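Student: Please take a close look at one part of this model, the aromatic residues and the charged side chains around them. I would like one connected account.

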Amino acid sequence: MTFPPATASRRPPSRISPLIVAAFLVALLAGLPVASVGFNLFLGGTSGTWNHLASTVLPEYIGNSLALCVGVGCGVALIGVATAWLTAMHDFPGRRVFEWALVLPLAVPAYVMAYVYTDFLQFVGPVQTTLREIFGWEFGDYRFPDIRTLPGAMLMFVFVLYPYVYLLARTAFLERAGGVLEAARTLGIGPWRAFFTVSLPLARPAIATGVALALMETLADYGTVAYFAVNTFTTGIYRAWFSLGDRIASAQLAAILLGFVLLLVAVERITRGRARYHNTSNRPRPSAGRLRGSAALLASLACLAPLALGFLLPAGLLLRMALGEGDAQFGERFAILARNSFTLAGLTALVAVMLAVVLAYSARLSKTLLAQGLNRLVGLGYAVPGTVIAVGVLIPVTRLDNWLAGQWESAFGSNPGLLLTGGIAALIYAYLARFLSVALQTVETSLSKITPSMDDAARSLGLGQGRTLRRVHLPILRGSLFTAGLLVFVDVMKELPATLVMRPFNFDTLATQAYTLASDERLAEASTAALAIVAVGLLPLIALSRQISLARK
């Protein structure tokens with residue numbers, strides 16, 4: 001029996017969902033700063049400013065950036081893989097503490113680390129003072145290495161960023177090494193050979209991803225390299241905009257930096273290739289080998305060293321400086337700084353979570369390549385340095401501001417000034433362009449765990465898309481939404497480059513206060529704001545550490 005062809009024409013015409021339209025607009029706005037930077041790459045290429053930069057400082061920017069990438073990449077890979085292998089595959093004194101404590105350095109921004117170690121190692125600091133008292137040295141009797149150099153900057157980034165590799169590599173060792181290692185043991189392969197021939201190749205994609213994340217953070221940093229007088233693209237962008245007053249030159253430098261970041265992403269994808277590793281054993285977690293004697297002691301020291309240098313020592317020094325001297329303006333001034341920081345972080349987190357829900361839910365409903373592509377476009381924002389985002393936002397927003405001011409003056413006879421760039425709206429927009437992907441990934445992961453049958457059940461009860469989201473999904477996602485907001489909140493609290501470039505006049509935050517005081521060599525006063533940033537950064541890491549402890553059980 002055949003049906004008449006007219007049956008197909010009776011299907012209701014498809015229409016574009018409002019959620020898809022909203023998601024498209026959000027993705028367009030999120031990608032506008034990067035598009036603006038790329039567009040300005042082709043403007044003014046023969047200007048005097050660009051020619052001056054290209055012939056004088058551009059080679060230094062490229063050389064220092066490449067050197068930082070090589071040094072930091074090797075350092076985080078070495079420390080991250082070593083600590084991950086020890087805590088995942090061996091049992092030794094302190095292992096249960098190191099499992100979760102090794103992620104704590106992520107709470108300390110690299111620029112805060114730079115301030116702390118400079119105060120600790122400078123001529124009047126406790127280290128050199130103690131050496132002079134012990135050996136009776138005077139000025140000029142000895143040479144002490146200067147921390148404010150390119151190698152010193154590498155160390156700061158390595159101490160802070162190795163947890164990226166540690167987390168991903170440890171997960172890979174636990175999930176992919178169990179049955180394979182047991183098979184290797186039956187073939188007579190020793191522990192060291194099994195590590196290099198079995199475990200390390202299996203964990204290669206995770207290690208490459210962790211190193212790529214660390215290098216992106218390194219290229220995005222401004223506070224550390226500026227304080228250590230290491231000229232990189234971020235310092236060059238800032239100087240081109242504010243010192244030379246050339247937005248086109250700063251955009252061209254930002255475009256080159258963006259090219260570095262995209263190259264890192266491409267290298268990471270090529271390194272990972274099409275590798276896919278799955279657990280084929282009923283015992284995915286390998287049994288930990290007990291270390292004894294000197295081997296156990298060395299394992300404990302190997303895990304203690306990065307934890308002490310990356311968190312315990314900096315946090316202790318910050319606490320000592322804050323309690324001993326601290327910020328002379330602590331009180332009303334500090335309350336204003338904290339209010340500004342919390343306002344920016346809170347508003348950005350709230351808007352980011354709302355937009356992330358729109359993007360994730362629209363992709364769930366449509367299940368089209370367009371929706372997935374829009375979410376991946378938004379996800380690129382986190383890989384773009386804050387300085388690049390700031391330049392990409394300022395150029396179109398300033399032009400829009402000037403156009404609006406001209407229209408207002410033509411209509412009402414008065415100039416209202418800068419409506420967008422004169423307030424915090426443009427700054428929050430820059431934060432969203434960079435950190436929206438953090439909230440989106442969290443919401444997408446949690447939303448994917450909700451079975452589609454719940455949507456079908458809600459639809460059978462007469463609930464539309466909006467009511468299903470409000471009455472079914474949002475209550476289930478409550479915890480994940482809070483986590484997403486918290487992650488964005490902490491990232492905004494620590495963000496320095498975009499805040500320095502785009503903050504309104506007479507509007508400071510804890511991050512800019514710490515940077516300003518440290519730049520004036522008032523390190524003890526900077527400790528109060530820096531300690532507050534570290535304390536806020538500990539919040540998501542405490543939750544992450546708790547999950548690691550529960551996973552071990």
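Tutor: Rings of Phe, Tyr and Trp, the last by its six-membered ring, count as a pair if their centres lie within 6.5 Å. The model is predicted. On that criterion, Tyr111, Tyr115, Tyr227 and Phe228 make up one aromatic cluster.

The structure has 13 aromatic pairs. One of them joins Tyr115 and Tyr227, with 5.1 Å from centre to centre and 80° between the planes, an edge-to-face arrangement. Tyr115 belongs to helix α6 (residues 110-121) and Tyr227 to helix α12 (residues 223-227), so this pair ties together parts that are 112 residues apart in sequence. With a relative accessibility of 4%, Tyr115 counts as buried. Tyr227 is buried as well, at 3%. The cut-off for buried is under 20% relative accessible area.

Phe342 is in helix α16 (residues 332-366) and Phe489 in helix α22, so parts 147 residues apart in sequence are tied together. Phe342 is partly exposed at 41% relative accessibility, whereas Phe489 is buried at 15%.

Charged groups also sit over rings. The charged end of Arg148 is placed over the ring of Tyr227, 4.1 Å from the ring centre. The charged end of Arg132 is over the ring of Phe123, 4.0 Å from its centre. Phe123 is also among the residues touched by Gln128, as are Leu121, Gln122, Tyr142 and Phe144, leaving aside residues up to four places away in sequence. Gln128 lies in helix α7 (residues 126-135) and is buried at 7% relative accessibility. The side chain of Gln128 reaches the backbone oxygen of Gln122 at 3.4 Å.

Turning to charged pairs, the structure holds six salt bridges. Arg95 and Glu99 form one of these, at 3.4 Å from N to O. These two residues are four apart in helix α5 (residues 95-101), which means that about one helical turn separates them.

Glu495 and Arg434 meet in a salt bridge at 3.0 Å, N to O. This pair links distant parts of the chain, 61 residues apart: Glu495 is in the loop between α22 (478-494) and α23 (497-502), and Arg434 is in helix α19 (residues 425-448). Glu495 and Arg434 are both buried.

Notes. Residues are numbered from 1 along each chain as its sequence is written. This is a predicted model: local features need pLDDT of at least 70, side-chain atom pairs count only at pLDDT 80 or more; totals for chains, interfaces and linings use all residues. Side-chain values use heavy atoms; hydrogens and water are left out. Buried means under 20% relative accessible area, exposed over 50%, partly exposed in between (1.4 Å probe, protein chains only). A polar contact is a pair of N or O atoms within 3.5 Å; within protein, one must be able to donate a hydrogen and the other to accept it, and residues adjacent in sequence count only if both atoms are side-chain atoms. Contact means heavy atoms within 4.5 Å. A salt bridge is a side-chain nitrogen of Lys or Arg within 4 Å of a carboxyl oxygen of Asp or Glu. Rings of Phe, Tyr and Trp (its six-membered ring) pair if their centres lie within 6.5 Å; planes under 30 degrees apart count as stacked, over 60 as edge-to-face and the rest as tilted. A charge sits over a ring if NZ of Lys or CZ of Arg is within 6 Å of the ring centre and within 35 degrees of the ring normal.
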